[in-house]
Amino acid sequence: MKDWTFIVILSIVAMATPLAPILIGRLIGPRKGNELKNATYECGVETRGDTWVQFKVQYYIFALVFLVFDVEVVFLYPWAVAYNRLPLFGVLAGVVFVITLAEALIYTIRKDALRWI
Amino acid sequence: MNLPTLESINLLAVLPVLIVFGWTLVLLVIDLFIPSGRKYWTAWLGILGLLGAAVALAVRFIDARGAAVTAFDGMLTVDGFSLFLQAIFILTAVIGILLALDFLPRHKIERGEYYILLLFTTGGMMIMSMAADLIVVFLALELLSIPLYILTGFARPRADSEEAAMKYFLLGAFASGFLVFGIALTYGGTGTTSLVGVFNQLAEGEPSRDLALVGMALILVGFGFKVAAVPFHMWTPDVYQGAPTPVTAFMSVGAKAGGFAALMRILIVAMPAVGEAWGMLVAILAMLTMILGNVVAIAQRNIKRMLAYSSIAHAGYILVAVSAAQRPEDAPLAVSAAIFYLLTYAFTNLGAFGVVLAVEREDGSGNLLEDFAGLGRSKPVLAAIMTLFMLSLTGMPVSAGLVGKFFVFQAAINASVGNPWILAAAIVGIVTSVISAFYYIRIILIMYMQEGEPQVVLKPALTVALALTALATLILGIIPAPVFQLAKDALLTLVG
Amino acid sequence: MSLTPLHAIFALMSLFTVGGAVGVVLNRNLIYAAMYLVLSLFGIAGLFILLEAPFLAAVQILVYVGAISVLITITVMVTRCVFCKEPPPRQLTLVAVMAALVMVTLGFVIMTRFGGLTPAADVPADSIEQLGVAFVNPQAYLVPFEVASILLLGALIGAIFIARDDLPRDEEAVGGDDHA
């Protein structure tokens, strides 16, 4: 539990660091807005229309493939950590796991699901 | 880590499911290189794999001579019960592929994934029937369900298919949530996920019971969704109607049998200590299920919807048998009645959906009861087969359905001594069977008495599937004894 | 029983978890609801840490806070109506009654059964290593491990099949004609 104390301290510092300038700026900075200053981009084209638009389904497929392999990592990480203690059988069992998910990759590529259209 | 011995892993005992999974993984790659338009190769290769698994299963069956063994040190139990159910799953999968062979190209939704996903869910069902650990039960259930969600939406972008898949997925995920929660509470109460461990803990007495009781109730809810028991049946009619017909046929049998396999193993093997509690709950569920399924089926105009309610009703009859297994001494007879019923239901229902599929038109219409009008004149053999299936679903003589119902009610009445709930369930079952005759026989009347020109497409694969199921329904109806003996020998055992 | 920093952290994490969950349910904008979900999942990761299960906490962050929330956000973004103006249909009272009922039942059982505090068991330093060994040990979790890989494969195939296939569909139609 001791180790986590440092993480808690770190996260407090990490949150305070960006919050401090914002708060300080708000406290002591002058507030005089004009049209140009309040624009979304001071230099650049104003956005038009609604920003809540429908995205391409491609994003979904990428996120999904990422999720599957992310979960695979979760299973493989303890296996890799324990690698030195594993008998041959254990290594092979992990290899079978990897092969099964390699098929997922082959399927994804062969179905052209990773090509951006 | 101790080196595992070959006996403790016992790969040979689980060879059938290894064949199914291994072959599916190979087939997945092969399918990627089969040109579209020739996806029937995938189908036949899939059937080949299933036949291989069937051979392994038969060898195992002869080898075992009724003895139960565990594989992977108690994670999986290979007993007569699981062998019998695995046979049902393989049969269902083969017929599910045969039904789809012509249907998919005719409806322009032919994809190799159909067969791959079907094999995946078959493998999940097979694991389910063997699972002797709650973690394996959960994973097997997901492996069974997820491909089925996809298969339900296989006819996309047809809206009703997509809607069905969505509904099935949402409610199925919800049910899985209940199941996981139930498993977690059972684990919290007993400190183990192994069914043997749960059994031992519950046998010891009080401290763990309360939590395990709540856990049991939640597990029951989770499986209630899967087997379509009232009041967890809401998804069934829409999903059965929206899914492509071969998928409906496969799902109505396979998913139900898979759900019952795990439910029976958990309740009967691991929780006999709280048998009275779950026996009562299951009996109530059974009564509700039979009444609602059979009564609402009368009002249906769409045959797929009608068969959906009929499948709800049949889940009720099987629940009667499950409830009759609440006392260990009654369990063997009740379990054999339940799995025999599942077998008869499998053949009959697959066949009935096969006929529905033959009458269905490419645009997805042709599912109304009126579309069967005139079938008796234009296709007498098909009509006769459909008549057989309908009689079997009702439970009329010379059909498998009667024998199945007879054994279920016999087991229930045997077990009902001193237990009014089982007796009540059995009586409700008999009464609702009579009610069910109304809507099953209406189909027969429509086929023979009304004029009409049904458009029937009957290709070879479908013919084979229909002949197989009709023959099995007839044989099980006339000489049920040998197969029932098999079911009787198929004991559900606690090994570990 | 004196209050320790642990109690404060537990309170904060519970607040994240429960508050996030309430935010998910009550928010009409799906994107904001997804963000609340992230908060809730993050709180659960904190609870795992308090339970001395650092690996689970890492998994929670990596998979749930990382991947699943991204997936959910993207799923919301690819839907036709990202920010529907009309509120979704609700039967709040019915749902609330059901939820309260479940909570009371489960709460009662858990309170009566786990009345006292159980100290967290000592976690061995090599717990992850032990988990790794157990995953591939046929006497432990080999079957779930391999079934999980097949499950992931099946889910991926299904998801790609459902989400995609509009482009190959045209190609396949052409290919099909060639063979015919």
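This is a predicted model: local features need pLDDT of at least 70, side-chain atom pairs count only at pLDDT 80 or more; totals for chains, interfaces and linings use all residues.

Q: How is the packing of two helices described?

A: Two packed helices are described by the angle between their axes and by the distance between those axes. In chain B, helix α3 (residues 40-64) and helix α5 (residues 112-130) pack at an angle of about 15°, with axes 9 Å apart.

Q: Which residues of α3(B) and α5(B) meet?

A: From α3(B) come Thr42(B), Ala43(B), Gly46(B) and Gly49(B), and they meet Gly112(B), Tyr115(B) and Leu119(B) of α5(B). By class, this contact of α3(B) with α5(B) has 3 nonpolar, 4 polar and no charged residues.

Q: At what angle do α5(B) and helix α11 of chain B pack?

A: Helix α11 (residues 245-270) of chain B packs with α5(B) at an angle of about 25°, and the axes are 8 Å apart. That makes α5(B) roughly parallel to α11(B). The crossing of α5(B) and α11(B) is left-handed.

Q: Which residues of α5(B) and α11(B) meet?

A: On the α5(B) side they are Leu118(B), Thr121(B), Met125(B), Met128(B) and Ser129(B); on the α11(B) side they are Phe250(B), Gly254(B), Ala257(B), Gly258(B), Ala261(B) and Ala262(B). The contact of α5(B) with α11(B) divides into 7 nonpolar, 4 polar and no charged residues.

Q: How is the size of an interface often given, and how many residues does the contact of chain C and chain B take from each?

A: The size of an interface is often given as the accessible area lost when the parts come together. Here the description is by residues: 27 from chain C and 32 from chain B. On the side of chain C that touches chain B, α4 (92-113), α6 (142-163) and α7 (166-179) of chain C each supply at least two residues. The largest share of that side, 13 residues, comes from α6(C). By class, the side of chain C that touches chain B has 16 nonpolar, 9 polar and 2 charged residues.

Q: Where is Val398(B), which has a positive phi although it is not a glycine?

A: Val398(B) has a phi of about 55° and is found in the loop between α16 (380-394) and α17 (400-415) of chain B. With 14 C-beta neighbours inside 10 Å, Val398(B) counts as partly exposed. Glu52(C), also not a glycine, has a positive phi of about 60° and lies in the loop between α2 (30-50) and α3 (54-78) of chain C. Glu52(C) has 15 C-beta neighbours inside 10 Å and so counts as partly exposed.

Q: Is the peptide bond from Val230(B) to Pro231(B) cis or trans?

A: That bond is cis, with omega near 5°. Pro231(B) is in the loop between α9 (209-226) and α10 (236-242) of chain B.

Q: Which residues have the most contacts inside the largest nonpolar core?

A: In soluble globular proteins, nonpolar side chains tend to be buried together. The largest nonpolar core here has 248 residues, and those with the most contacts inside it are Ala321(B) and Ala338(B). Helix α14 (residues 331-359) of chain B gives the largest share of this core, 21 residues. Apart from this core lies another, of 9 residues, including Leu30(C), Leu37(C), Val38(C) and Ala45(C).

Methods: Residues are numbered from 1 along each chain as its sequence is written. Chains are lettered from A and ligands numbered from 1 in the order in which they are written. Axes are lines fitted to C-alpha atoms, for helices over the stretch in contact, and angles run from 0 to 180 degrees between N-to-C directions. Helices (H or I, at least four residues) and strands (E, at least two) are DSSP runs, numbered from the N terminus. Two residues are in contact if their C-beta atoms, placed from the backbone, lie within 7 Å. Ala, Val, Leu, Ile, Met, Phe, Trp, Tyr, Cys and Pro count as nonpolar, Asp, Glu, Lys and Arg as charged, and the others, Gly among them, as polar. Angles under 35 degrees count as roughly parallel, over 145 as roughly antiparallel, 65 to 115 as roughly perpendicular and the rest as oblique. A crossing is left-handed if the near helix is turned anticlockwise from the far one by less than a right angle, and right-handed if clockwise. A residue is buried if 20 or more other C-beta atoms lie within 10 Å of its own, exposed if 12 or fewer, and partly exposed in between; C-beta atoms are placed from the backbone. A nonpolar core is a set of buried Ala, Val, Leu, Ile, Met, Phe, Trp, Tyr and Cys residues joined through C-beta atoms within 7 Å.
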